[in-house]
Amino acid sequence: MEQRPMNTVEAVEETIKVGENKAAKTHTFQTLIAGILAGTFIALGAFAAAMASHGMENIGLAKLVAGTIFPVGLILIVICGGELFTGNTLLILAFIEKKITARQMLRNWIIVYTGNFIGTLLIAFLVFNSGLLSTNDGMLGGYALKVASYKGGLTFIQAFSSGILCNLLVCLAVWGSYTASDVFGKILIIWFPVMTFIVSGFEHSVANMYYFTIAALAKLNSTFVEAAHIGDQIANINLVHILLNIIPVTLGNIVGGAFFVGLAYWAGYKYIPNLYKLEKGASKQKYKAQFRRIRAHLSGK
């Protein structure tokens with residue numbers, strides 16, 4: 001029997017169900033492993049996107065090329081399995097519906113976030129030791145430094161705002177994947193929102209874990225530093241600047257996913273319609289009660 005696509009109301013219920021399974025019914029180590037896998041997928045997508053686009057002088061074309069490749073990370077997570085922190089901000093629906101507790105939701109976020117970091121760290125270490133950063137006379141390594149130095153120089157409000165915009169798109173991609181009835185449909189709905197966030201240059205906390213880690217390793221190589229041509233901006237690649245990016249981006253990702261997508265759809269397609277039905281039902285009961293009183297009064301006469 002062919003599966004039909006979900007409508008938005010059904011997607012709300014599916015998101016609640018998925019959130020409950022992730023936070024309340026999944027073992028800690030299973031969640032951690034799934035988080036590590038997701039981190040590796042995102043890092044691999046980020047590396048491949050940089051490999052394909054780093055040598056392009058036209059910034060718009062370079063972003064477009066990177067944007068066509070980067071979505072492979074989220075595609076692998078959704079199709080093959082994995083837990084991504086940014087996507088898991090949608091657990092807010094299961095929490096608001098009292099299917100999980102605040103503790104269970106935060107526990108999931110912390111474990112997945114940790115797993116994502118381990119996965120990105122692993123891929124950055126392997127990429128560095130593979131020697132692939134020497135591609136194009138070290139320009140790829142220089143590009144890694146350039147990307148990280150730019151991100152490390154963002155202000156708090158810039159990083160926070162960009163994080164909101166990023167996860168608005170990422171969570172729409174995840175949300176859309178629930179509605180698709182087959183693998184090809186899931187790939188398409190994931191591809192375009194994620195490509196949009198890459199082309200736009202928005203900030204993703206898990207991707208940034210990879211960008212900063214690979215840059216910290218590339219910084220050890222003088223050839224890559226020279227190829228980067230960023231001068232004093234290389235000072236932006238240190239622990240302080242990394243945290244000043246990761247923290248606001250993470251907070252922005254939570255707001256973008258949990259509030260701009262999760263709570264918005266929950267309010268628009270579950271809470272408000274149900275509230276209207278209750279009010280409408282209460283009005284009918286009130287009308288019937290008034291009618292009974294009038295009839296009783298007339299009968300009494």
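Here are a few friendly notes on this predicted model, from its core to one helix pair and the annotated spans.

1. Let's begin with the core. The largest nonpolar core holds 72 residues. Phe70, Leu74, Leu145, Phe197 and Tyr210 have the most contacts inside it. Helix H10, covering residues 205-218, contributes the most to this core, with 10 residues.

2. Of its 14 residues, 13 are buried, so the helix is mostly covered by the definition of under 20% relative accessible area. Its length also works out: at 1.5 Å a residue, 14 residues should span 20 Å, and the end C-alpha atoms are 20 Å apart, which agrees.

3. Leaving aside residues up to four places away in sequence, Leu145 touches Ala215, Ala218, Lys219, Phe224, Val225, Ala228, Ile230 and Ile237.

4. Now for a helix pair. The axes of H3 (residues 59-69) and H9 (residues 183-200) come within 8 Å and cross at roughly 145°. The crossing of H3 past H9 is right-handed. On the H3 side, Lys63, Leu64, Ala66, Gly67 and Thr68 take part, meeting Trp191, Met195, Ile198 and Val199 of H9.

5. Finally, the annotation. An unreviewed UniProt entry lists residues 32-52, 72-96, 108-133, 153-176, 183-202 and 242-267 under "transmembrane region". In the model, residues 72-96 are 56% helix and 0% strand, with end C-alpha atoms 31 Å apart. Residues 108-133 are 88% helix and 0% strand, and their end C-alpha atoms lie 34 Å apart.

Technical notes: Residues numbered from 1 in each chain as written. Predicted model: local features only at pLDDT ≥ 70, side-chain atom pairs only at ≥ 80, totals over all residues. Heavy atoms only, no water. Core = buried A, V, L, I, M, F, W, Y, C linked by side-chain atoms within 4.5 Å. Buried < 20%, exposed > 50% of the residue type's maximum accessible area, 1.4 Å probe, protein only. Helix = DSSP H or I, 4+ residues; strand = E, 2+ residues; numbered from the N terminus. Contact = heavy atoms within 4.5 Å. UniProt positions renumbered as here; feature names shortened; annotations may be inferred. Expected span 1.5 Å × (residues − 1). Axes fitted to C-alpha atoms, helices over the stretch in contact; angles between N-to-C directions. Left-handed = near helix turned anticlockwise from the far one by under 90°.
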